[in-house]
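Dear colleague,

I am handing over the structure shown below, with a summary of the findings after it. Please read the two together.

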Amino acid sequence: MKNLLITGGAGFIGSNFILYFLHKYPQYRLINVDSLTYAGDLRNLQGAENTPNYEFRQGDICDKDFIKELFAHYDIEGVIHFAAESHVDNSIKNPSAFVETNVNGTFNLLHNAYLNWFDAPSRPKTNKEHCIFHHISTDEVFGSLGESGYFSESTPYAPNSPYSASKASSDMLVRSYHHTYGLKTFITNCSNNYGPKQHDEKLIPTIIRNALAGSEIPIYGDGQNIRDWLFVQDHCKAIDKVFHSSYFGQSFNIGGENEQSNIGLAQIICEMLDKKCPKERSYKEQITFVQDRAGHDRRYAIDSSKMTRLFGFKPSDFYTNLSQTIDFYIHKYTSIPLAGGGYIIVKKRTYINNNFALTALRHKITIGENCFIGVNFQALNADFHGIRIKERSNYDAIKSTDIDIGDDCFIGNNVIILKGVKLGRGCVVAAGSVVTQSFEADSLIAGNPARLVRRIEQ
């Protein structure tokens, strides 16, 4: 069985790739190495952990002893290198972390690959002639385009942010190890990915999360910055094609053939949400322009004709994939996983969000259908009927002992509701919430480990 080292496999693209690759190629053993920074999450790999040809090792690609031990212990014969710091805003705030991981980490992997696979430059060890190093990179290394034109594999590098500069540097290192030492390498430069399991900080999850929360949807500058959007599963399939080819030492541009301005993308998502999760007003009204990012590139667009010519690559339908992606995030942001499997699904348009504390002391509180109560809202004594209460609001004028919550409400994480409660049809009590003493419920779904004290009458 051929052992492949997959770096950054708990991240967005890496985790999608591992699940795809495990299913398609059971003859490979995948060793997933991830340091589990804020952007890595092993929950992205549910289903892989019990697969006999998969193993996870937590560690830093910059750790020389750790990487050396991995290559020796597992007899690594291929590397697919996803691990990277990738958020441009973070690179502006803390560029040193990007140089350390993206440049030094890539160098550490390359040099260990060389030491384990070669006796000397261009002299591979016996039975190591087939070993491959595949480096995953970005179209941002090419800089910014005007209103026309596309990035091709021959476009000169012109990175404009610390992130893209660090990725350009890592690309150059990979290129040098092919030409100097004879490593069989590939570099794939992709456009902006989208799909399930992307970190919350990225644009599409941010638009969906803020829309559902009733918060402002932030769009940089005038919103006319253009990106080419590539579905993550299309990206995984393209990597697969390149990795199993013999075009060593070459680079390949992988794009979605789908240019969207940031404002245009936000509007498309809001229109889809208007249909999937309708409310009184369109989610578009939450779009807000904010101060532009420093050094914000105006337009990226990829020419994928080389991928099409050599491998028949063709991206799948953007609107179908985006709709499925939105469904994933609706599920994520409005559902709570159950310990025994399955999910609590939030229905329709009423949400009482995480960390909402509703303390009933004397008089009745009524929360009507189709109202939104934002994050960290604290309600002591109020009467709400079909209105939206913004985040971190406070109402503390009236005491209450009874709470009447309308149909299809979601009671979020760590909610505390005291004394008598009447819950409408289809309400959800999420994990970690407490509803105490006597209450009634109609079609209630209770999360684990929610505590429902005394009895529910259904």
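Predicted model: local features only at pLDDT ≥ 70, side-chain atom pairs only at ≥ 80, totals over all residues.

Residues are numbered from 1 along each chain as its sequence is written, and side-chain values use heavy atoms, with hydrogens and water left out.

The chain holds ten helices and 32 strands (DSSP runs numbered from the N terminus, helices being H or I of at least four residues and strands E of at least two). Of its 458 residues, 53% are buried, that is, under 20% relative accessible area with a 1.4 Å probe, protein chains only. Among contacts (heavy atoms within 4.5 Å) with a separation of 6 or more, 66% join residues 24 or more positions apart.

Leucine 30 touches Leu4, Ile6, Ile18, Phe21, Leu22, Asn53, Tyr54 and Glu55, when residues up to four places away in sequence are not counted.

Helix H2 (residues 64-74) and helix H4 (residues 95-117) have axes that come within 10 Å and cross at roughly 40 degrees; axes are lines fitted to C-alpha atoms, for helices over the stretch in contact, and angles run from 0 to 180 degrees between N-to-C directions. On the H2 side the contact involves Lys64, Ile67, Lys68, Phe71 and Ala72, and on the H4 side Asn108, Leu109, Asn112, Ala113, Asn116 and Trp117.

Strands E9, E11 and E13 form an open, mixed sheet in the order E9-E11-E13, pairing being counted where DSSP finds at least two bridges. E9 (192-194) and E13 (259-261) are the edge strands, each with a single partner, so one side of each has no neighbour in the sheet. The twist averages 50 degrees from one strand to the next. E11 (residues 226-231) pairs with E13 in the antiparallel sense over three bridges, and arginine 227 stands opposite glutamine 260 in E13. Helix H10 (residues 318-333) packs on this sheet and touches E9, E11 and E13, its direction making about 55 degrees with that of E9.

Yours sincerely

Key. Buried < 20%, exposed > 50% of the residue type's maximum accessible area, 1.4 Å probe, protein only.
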